[in-house]
Structure formats: C-alpha cells, structure tokens
Amino acid sequence: MSVTTITTPEAAVDAPPVPTTAPQAAAQPGSARGDHRLVADLVLPRSRVLDIGCGEGELLDLLIREKQVDGRGLELSQAGVNACVARGLSVVQGDADRDLSDYPDNAFDFVILSQTLQATYAPRRVLEELLRIGSNVIVSFPNFGFWRNRLQLLFGGRMPVTDYLPYSWYDTPNIHFCTIRDFVLLCQEADARIVKSMALDAGGRPVGFTAPWWVWNLIGEQALFLLKRS
C-alpha cells in the first residue's frame, strides 16, 4: 500500500487518496466486511487499539484474532455493548462527544472511528480528541458528495436515500454529513496529517485507480483515512 503525505493546504486539496492494492481488501462471502479488512491492514500487530462506536464488535474481534492487539471498545448503545461482552471483548458504554476527554494523551497506538464521525455532534472536537489520545487515527465515513446523492438532490429535490444511506432525513442517526473534500479541509483545521487515504465503493472495496480529490469526491461512496498529528 502506497502512502500519501499531505504537507501543505494546497497539496491536501489536490492530492488523490491512494487506494490499497492488497488482495484481501475485497470482502469474500463469509469473511469480514471489506472496509474492516482495510482497517486491519493499517493496524500493526500487538498494538494498543481503541475502537470508538464499535457496534457489536466485529472489527475489534477481527483485530484481536488476526493482529493480537490489546483491543478496547467504546459503544453508545447498550445492545452493542452487550453483544461485545458476549464475544468476550473489553467494551464500555460511552459517547464519543463526551467521554473521550477521560482518556490520557497517547493512550493508544491506534484509535479507530469507523462510520461514526457523521453521527457525532462536534466532529472537529472529536477528531482533535482522537489525535490527542492516539498515535495513529483511522477514520471512515460515507461520502455525501457521491454522484448518486448529487443526482437525487438535483433531480428529485429531496435528501438522498440509498442502500448505503437508507434513512429518511427525519429519522437518520447521521447529523453531520460531509464529503471527502470536507474531511480533507477538516484535517487541515485540526492539524492532522493524512498518511494514507482511499475512496471506497459501497462494499468497502477501494477504487482501483489514482485520481485528483475531486474525482474521489464524485465516485467514492465512502472513504478511509489514516491520520497522525502534524
């Protein structure tokens, strides 16, 4: 997997994400979700890992089994916490908007926020907390700038509803949608250095060619970033 390092605001806007070429990236029947595989590829073995918004623990369980990480989780829903505990995972109930300040600086080697950023009330503050408590930060999110979403807004005049964004505007848990370009600019404001990045399709498979940011912003249904403090 190649590396994209962003050093200036201009580079951050124009440089393309670098898609992974790892053969295990695409999900196979009965295997882990495609984007979970990509996250696992970024995490070093035996690292200290915090998975925020870990759901029922699928990704955390994968990392513990395959990377032998010291894995912890933070999950908002009690049902999710119960499912994680049933798997034997060390997960506590908590809110990314309120509870990250309880963790000390550099407490983890990797902090993961998978498909959760758009559900937080203060995304910038959450990102800054992630960069404070983790040496490496992995963030994934749905790209609201995806071309089908744009067409639904343009021709239908309504908020998009897709297989990947199945909620209506009035009952969605997602409160801060963003595009890939929005997130790149947020990284600049939060002093986050983009180490690796990729645009993904709905199945969590990386787009297989390099292109400028505006292309990823148009054709990527979701995105995955590895960040460090500047």
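Predicted model: local features only at pLDDT ≥ 70, side-chain atom pairs only at ≥ 80, totals over all residues.

Visitor: What is the order of the strands in the open sheet?

Guide: There are 7 strands, in the order β3-β2-β1-β4-β5-β7-β6, and the pairing is mixed.

Visitor: Why do β3 and β6 stand at the edges?

Guide: β3 (91–93) and β6 (192–200) each have a single partner strand, so one side of each is left without a neighbour in the sheet. From one strand to the next, the twist averages 15°.

Visitor: What makes β4 and β5 a pair?

Guide: Two strands pair if there are at least two bridges between them. Strand β4 (residues 108–114) and strand β5 (residues 134–142) are joined by 6 bridges, so they count as a pair, and they run parallel. Take Phe108: its bridge partner in β5 is Gly134.

Visitor: How do you know whether Arg46 counts as buried or exposed?

Guide: Check its relative accessibility against the cut-off: exposed means over 50%. Arg46 has 63%, so it counts as exposed. You'll find Arg46 in the loop between α2 (34–42) and β1.

Visitor: And why is Asn106 called partly exposed?

Guide: Under 20% would be buried and over 50% exposed, with partly exposed in between. Asn106 comes in at 37%, so it counts as partly exposed. Asn106 sits in the loop between α5 (96–99) and β4.

Visitor: What is the phi of Arg46, and what is that of Asn106?

Guide: Phi of Arg46 is near 60°, and Asn106 has a positive phi of about 55°. Neither residue is a glycine. Most residues other than glycine have a negative phi.

Visitor: Which residues touch the most other members of the largest nonpolar core?

Guide: Of its 37 residues, those are Leu130, Val139, Phe183, Phe225 and Leu227. The elements giving two or more residues to this core are β1, β4, α6 (123–133), β5, α8, β6, α9 (213–219) and β7. Leaving aside neighbours within four places in sequence, the contacts of Phe225 include Val139, Phe183, Ile194 and Trp213.

Visitor: Which residues are among those of the other core?

Guide: That core lies apart and has 18 residues, among them Leu42, Val49, Leu200 and Leu226.

Terms used:
Residues numbered from 1 in each chain as written. Heavy atoms only, no water. Helix = DSSP H or I, 4+ residues; strand = E, 2+ residues; numbered from the N terminus. Axes fitted to C-alpha atoms, helices over the stretch in contact; angles between N-to-C directions. Buried < 20%, exposed > 50% of the residue type's maximum accessible area, 1.4 Å probe, protein only. Core = buried A, V, L, I, M, F, W, Y, C linked by side-chain atoms within 4.5 Å. Contact = heavy atoms within 4.5 Å.
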